Amino acid sequence: MSLTEAERVFGGITEQGINNLLGAFFAARPRHLNYGSPGFVPSTTVAATQMGAIPFPGAPGGIDWAVQLAPPTVDLHPETDPLPPELSLGVNQLSVSTAVRLCVACETRREGERDPDQPDDYPDQPRDDRPPGKAKGTCFDLKIFAVAHLQRTFSPDGVVIVVDAVEIVDVEPSELEAVLECLILQILRAVLADVRLPLETLRAGAFSLTLTRGPEVENDQLEVYGNL
Amino acid sequence: MAEITVAIDEVGADQLLDTAIGLIPPQVASGNGALGPFVASYSAAASFAPGNVDLIAPGTIRIEDFQLNWSLNFSFGIDLSTFLPDFCIPQVCINIPCVGKVCTPEICVDWPTISVPVSISDFLQVTADFGLSVTLSGGSWKVAAVVQGIPSLQFGLVSAALLVAISAALTPILLAVPFIGPFLAVAANAILLAIGIGGVTGLLGPMLTPFVSGLSIPIYNQPQTFEALPVGGPFDPAVFITLDSVGASITSDTEDELVLEVDIT
């Protein structure tokens with residue numbers, strides 16, 4: 001069977017190629033993996049995105065929080081990387097795996113304040129060299145598995161990953177797991193919605209392509225078809 | 001398996017190469033040639049019009065009947081000494097009383113070289129096989145269809161037309177030479193007739209063949225450090241990937257296709 005089938009132009013990128021693109025994206029723009037309120041992220045930079053603290057009565061300035069994700073990797077249908085039994089990879093789907101660290105601040109050291117854990121009276125104690133304004137977080141890490149599909153985007157013409165379901169392994173009780181999966185699903189959807197892969201990039205600038213079919217996932221590859 | 005594979009079918013390749021050929025700027029050249037006793041300096045210009053693409057696995061693109069539009073501006077130099085014998089008035093000496101021996105100098109007539117401008121333009125239909133060339137040059141990956149060998153150009157009636165044009169330009173000039181003009185015109189035309197179509201083809205071939213034998217049609221040109229995403233804002237710099245390798249081939253399954261394969265990191 002020819003590559004172009006009934007169309008004029010074919011473009012295909014393997015899952016390794018997509019992972020290389022995702023790696024390049026998050027290496028250049030790590031702020032799309034790191035989010036936090038001012039206690040953790042004093043200002044938005046290339047490295048991190050500042051968000052508002054969680055407002056709560058009686059908590060001055062709100063509750064500081066942070067979310068850090070590891071660069072996600074994908075596995076395109078058919079399944080190569082094993083998934084938890086709760087998830088299965090269907091036709092035209094891909095799996096996404098990543099890790100997430102969720103942190104909340106139990107106390108916040110404001111700029112200019114002395115760290116109460118490290119009084120100057122004990123100069124032989126190891127110093128906390130975090131810059132002022134950094135909250136101390138109580139954190140935990142989760143390994144995340146998700147299944148997703150691809151969706152076409154416009155302006156520029158491209159492809160985006162849309163997460164369908166998330167699974168977190170070994171969290172008890174199950175109600176807590178459900179709450180965390182709900183939270184992570186929304187976070188992962190939002191993060192990956194920012195990663196719009198232009199068709200121009202998916203074909204490394206070769207030829208031109210007006211999409212008439214796809215994006216499709218087949219043989220561990222993202223495939224698009226079209227005309228010149 | 002390459003990380004990125006892009007393929008285009010034969011109809012698409014025809015469109016692609018038509019566009020690429022149309023974008024090749026006009027080519028120019030100049031030089032000198034010889035047509036029998038005539039010396040010709042020339043300037044040549046050539047441009048191309050598309051033909052029909054036939055993809056042949058594993059690596060040949062045949063373009064049938066693409067058009068080479070050409071024009072030539074000649075300046076033919078004709079040395080009249082070719083036609084006329086050297087003519088010298090010999091030295092004459094006389095003895096003059098009280099003066100002595102007086103001699104006249106030998107006087108030779110140096111027949112001039114006449115320049116005749118001739119312009120001609122036409123087109124040729126050429127069929128040529130192109131190979132695929134992949135190079136990393138100046139930080140960019142380039143894929144081009146490069147003509148293989150030296151295609152044979154068929155000039156046909158053009159050669160006869162050039163002979164007629166030379167004759168038409170030359171005859172009135174020679175006829176204007178006093179006394180011997182008609183002789184010169186007859187002699188020059190006799191020489192042109194002797195040179196014939198074969199001689200003119202031998203003149204045109206080396207002038208126009210280089211335009212085709214050096215033909216390279218660009219297919220792909222991208223920087224090795226490829227911008228995957230442009231700058232998205234003050235905190236979103238451009239995203240770059242590296243094109244580690246590029247390959248090009250013709251495949252033939254149920255359809256003939258031009259395939260580019262790219263590895264990225």
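This is a predicted model: local features need pLDDT of at least 70, side-chain atom pairs count only at pLDDT 80 or more; totals for chains, interfaces and linings use all residues.
E5(A) sits in the segment before β1 of chain A. Its phi is near 50 degrees, a positive value in a residue other than glycine.

Most residues other than glycine have a negative phi, and most peptide bonds are trans. Chain A has another positive phi at D220(A), about 60 degrees, although D220(A) is not a glycine. D220(A) lies in the loop between β12 (210–218) and β13 (221–227) of chain A. With 18 other C-beta atoms within 10 Å, D220(A) is partly exposed. Two cis peptide bonds also deserve a check. The bond from E172(A) to P173(A) is cis, and P173(A) is found in the loop between β10 (158–168) and α2 of chain A. In chain B, the bond from A57(B) to P58(B) is cis. P58(B) lies in the loop between β4 (52–56) and β5 of that chain.

| Site | Angle | Value |
|---|---|---|
| E5(A) | phi | near 50 degrees |
| D220(A) | phi | about 60 degrees |
| E172(A) to P173(A) | omega | near -5 degrees |
| A57(B) to P58(B) | omega | near 5 degrees |

**Two helices**

Helix α2 of chain A runs over residues 174–193. Its 20 residues reach 28 Å from first C-alpha to last, close to the 28 Å expected at 1.5 Å a residue. I184(A), L188(A), V191(A) and L192(A) are buried in α2(A). These buried residues fall within an arc of 75 degrees seen down the axis, so they line one face of the helix. The other side of α2(A) has exposed residues, including E175(A), C182(A) and Q186(A). An α-helix has 3.6 residues a turn, so residues three or four places apart point the same way.

Helix α2 of chain B covers residues 157–175. Its 19 residues should span 27 Å at 1.5 Å a residue, and the end C-alpha atoms are 27 Å apart, which agrees. Among the buried residues of α2(B) are L162(B), I166(B), L170(B) and L174(B).

**Between the chains**

Contacts join 31 residues of chain A to 33 residues of chain B. On the chain A side, β1 (9–14) and α1 (15–28) are the elements that give two or more residues. α1(A) gives the most, with seven residues. By class, this side has 15 nonpolar, 12 polar and four charged residues.

Strand pairing also crosses between the chains. β1(A) pairs with β1(B), residues 4–9, in the antiparallel sense over five bridges. F10(A) has A7(B) as its bridge partner.

**From strand to core**

β1(B) also pairs antiparallel with β15(B), residues 256–264, over six bridges. There T5(B) stands opposite E261(B). β15(B) in turn pairs antiparallel with β14(B), residues 239–252, over nine bridges. β14(B) and β15(B) form a hairpin with three residues between them.

Which residue of β15(B) is the bridge partner of A248(B)? The partner is L260(B). L260(B) and A146(A) touch the most other members of the largest nonpolar core, which has 122 residues. α3(B) gives the most to this core, with 11 residues. Contacts of L260(B) include A206(A), V6(B), V143(B) and Y220(B).

How values were computed
Residues are numbered from 1 along each chain as its sequence is written. Chains are lettered from A and ligands numbered from 1 in the order in which they are written. Helices (H or I, at least four residues) and strands (E, at least two) are DSSP runs, numbered from the N terminus. The expected span of a helix is 1.5 Å times one less than its number of residues. A residue is buried if 20 or more other C-beta atoms lie within 10 Å of its own, exposed if 12 or fewer, and partly exposed in between; C-beta atoms are placed from the backbone. The arc is that of the directions from the helix axis to the C-beta atoms. Two residues are in contact if their C-beta atoms, placed from the backbone, lie within 7 Å. Ala, Val, Leu, Ile, Met, Phe, Trp, Tyr, Cys and Pro count as nonpolar, Asp, Glu, Lys and Arg as charged, and the others, Gly among them, as polar. Two strands pair if DSSP finds at least two bridges between them. A nonpolar core is a set of buried Ala, Val, Leu, Ile, Met, Phe, Trp, Tyr and Cys residues joined through C-beta atoms within 7 Å.
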